[in-house]
Amino acid sequence: MPGIQAFFDDATSTASFLVWDRETKAAAVIDAVLDFDSATGKLSTTSADRMLARTREQGLGVVWVLETHAHADHLSAADYIRRKTGARVGIGARITEVQTRFRALFGAPEAETEASVFDALFEDGEVFKIGGIEARVLHTPGHTPACVTYVINDAAFVGDTLFMPDYGTARADFPGGDATALYRSIRRILALPPETRIFVGHDYLPAGRSKPAWETTVADERAANIHVHDGVTEEDFVKLRMARDRTLAAPKLILPSLQVNIRGGALPKPEADGRIYLRTPVTTP
C-alpha cells in the first residue's frame with residue numbers, strides 16, 4: 001500500500017497530496033499550491049516547502065508532480081517543485097485545449113504555453129510508475145476538458161470532479177466544462193470497487209461541519225453524495241448542476257491561476273523592466 005499524506009491550504013480550501021512507494025521511497029506530489037496574495041501580488045512557497053520538508057523527513061525522492069487539471073482557484077507549485085527536485089510534471093493530454101483557449105484570452109506567448117511545458121501528457125488508460133507502484137489515468141472531463149483521476153492501488157485522486165458526500169460535485173460552467181460529461185465521468189469513478197478510497201481536491205466546509213475532510217470512499221459517495229448518489233439520473237444531475245452553477249461567483253484567483261497553470265506552474269517571462277506581470281482582461285460596457 002502506498003503512503004499517503006494530505007496537506008490542506010486554508011486560503012484556497014485545497015487538499016494536496018504526497019504519495020509514495022514505501023519500498024523504493026519514490027514519491028509523487030499531487031495538486032501542489034503556490035501561495036499568492038492577490039491584494040499585493042506577493043508569491044510565497046510556504047505550502048510547497050511544507051510538502052518538500054516532509055519528503056526530506058521521510059527520505060523520499062519526488063519523481064512526479066501530478067496535476068489533475070489546470071486549476072482556476074489556486075496557482076500551481078508544479079514548476080517550483082520540479083526545479084527543486086528534478087521531478088517530471090504530468091497532466092491530462094487534453095490540457096492543450098485549455099492552453100489554446102486561455103492563451104488567447106491572456107495574450108500569452110505560445111512558447112510559454114505549449115504542450116512541452118509539461119513533461120508528460122497522459123492519455124486515458126495510461127499507466128505509469130511511482131517507484132514500484134502503478135498509477136492508472138482515467139480521463140474524467142466535465143469540470144474542465146482535461147481533468148484526470150489518478151488511480152493508485154486502492155486510492156483515487158479525483159481533483160475537483162467529486163467532493164465529500166455532504167458537499168457534492170464540481171461546477172461545470174467554466175469554458176469547456178460540461179455537466180453531462182461530468183456526470184458520466186463521476187459514474188466512471190464510482191464504478192471502481194466500493195472500498196476504493198477517494199481523495200478530493202477541495203473541501204469548502206458545508207454547514208454542519210467545522211473541520212476540513214478530503215478522504216471518502218466509492219461506497220460512501222454512491223450512498224450519500226448530495227448531488228450524485230445512486231438513483232440520481234443524468235437528467236436530474238444536469239438540471240441540478242446547471243441551476244447551481246448559475247448562482248456561483250467566479251473564483252477570486254481565476255485570472256492569476258490560469259495564467260500560471262497553463263504554463264505548467266511557471267510564471268510569465270519578465271517584461272523589459274525586469275518585472276513579472278499577470279494580466280487582467282477587461283470587459284468593457
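In the predicted model, strand 13 (residues 155-159) and strand 14 (residues 197-200) pair in the parallel sense, with four bridges between them. Gly-159 has Val-200 of strand 14 as its bridge partner. Strand 13 also pairs with strand 12 (residues 148-152), here in the antiparallel sense and through three bridges. Within this pairing, Val-151 is the bridge partner of Ala-156 in strand 13. Strands 12 and 13 form a hairpin with two residues between them. In the turn of this hairpin, Asn-153 has a positive phi of about 60°. Strand 13 is mostly covered, five of its five residues being buried. Ala-155, Phe-157 and Gly-159 point one way from the strand, while Ala-156 and Val-158 point the other way, and all are buried.

A further set of strands forms an open sheet of three, in the order 5-4-7 and with antiparallel pairing. Its edges are strand 5 (42-44) and strand 7 (75-76), each of which pairs on one side only. Three bridges connect strand 4 (residues 33-37) with strand 5 in the antiparallel sense.

Ile-276 is located in the segment after helix 7 (254-261). Its relative accessibility is 42%, so Ile-276 counts as partly exposed.

Positive phi values also occur in two loops. Ser-13 has a phi near 55°, a positive value in a residue other than glycine. This residue sits in the loop between strand 1 (3-9) and strand 2 (14-20). Ser-13 counts as buried because its relative accessibility is 16%, under the 20% limit. Lys-25, likewise not a glycine, has a positive phi of about 70°. Lys-25 is placed in the loop between strand 2 and strand 3 (26-30). With 35% relative accessibility, Lys-25 counts as partly exposed.

Side chains of opposite charge can pair when their charged atoms come close. The count of salt bridges in the model comes to 15. A network of such contacts links Asp-79, Arg-82, Arg-83 and Asp-119. Asp-79 forms a salt bridge with Arg-82, in which the closest N and O atoms are 2.9 Å apart. Both residues lie in helix 2 (residues 78-85), three residues apart, about one turn of the helix. The side chain of Asp-79 also meets that of Arg-83 in a salt bridge, at 2.9 Å from N to O. Arg-83 and Asp-79 are four residues apart in helix 2 and are therefore separated by about one helical turn.

Asp-79 is buried, with a relative accessible area of 12%, and Arg-82 is buried at 17%. Asp-119 counts as partly exposed because its relative accessibility is 33%. Arg-83, at 60% relative accessibility, counts as exposed, as the value is over 50%.

The structure contains three cavities of 30 Å³ or more. The largest cavity holds about 80 Å³ of space. Its lining includes His-69, Ala-70 and Ala-72, together with Val-98 and Phe-102. His-143, Thr-144, Phe-174 and Pro-175 also line this cavity, as do Ile-254 and Leu-258. Helix 3 and helix 7 are the elements that give two or more residues to the lining of the largest cavity.

Conventions. Residues numbered from 1 in each chain as written. Heavy atoms only, no water. Pairing = 2+ DSSP bridges. Buried < 20%, exposed > 50% of the residue type's maximum accessible area, 1.4 Å probe, protein only. Salt bridge = Lys/Arg side-chain N within 4 Å of Asp/Glu carboxyl O. 1 Å grid on protein atoms, 1.4 Å probe; cavity = no way out; pocket = protein on both sides within 12 Å on 5 of 7 lines; lining within 4 Å. Points joined across faces, edges and corners; volume = space filled by probe spheres on them.
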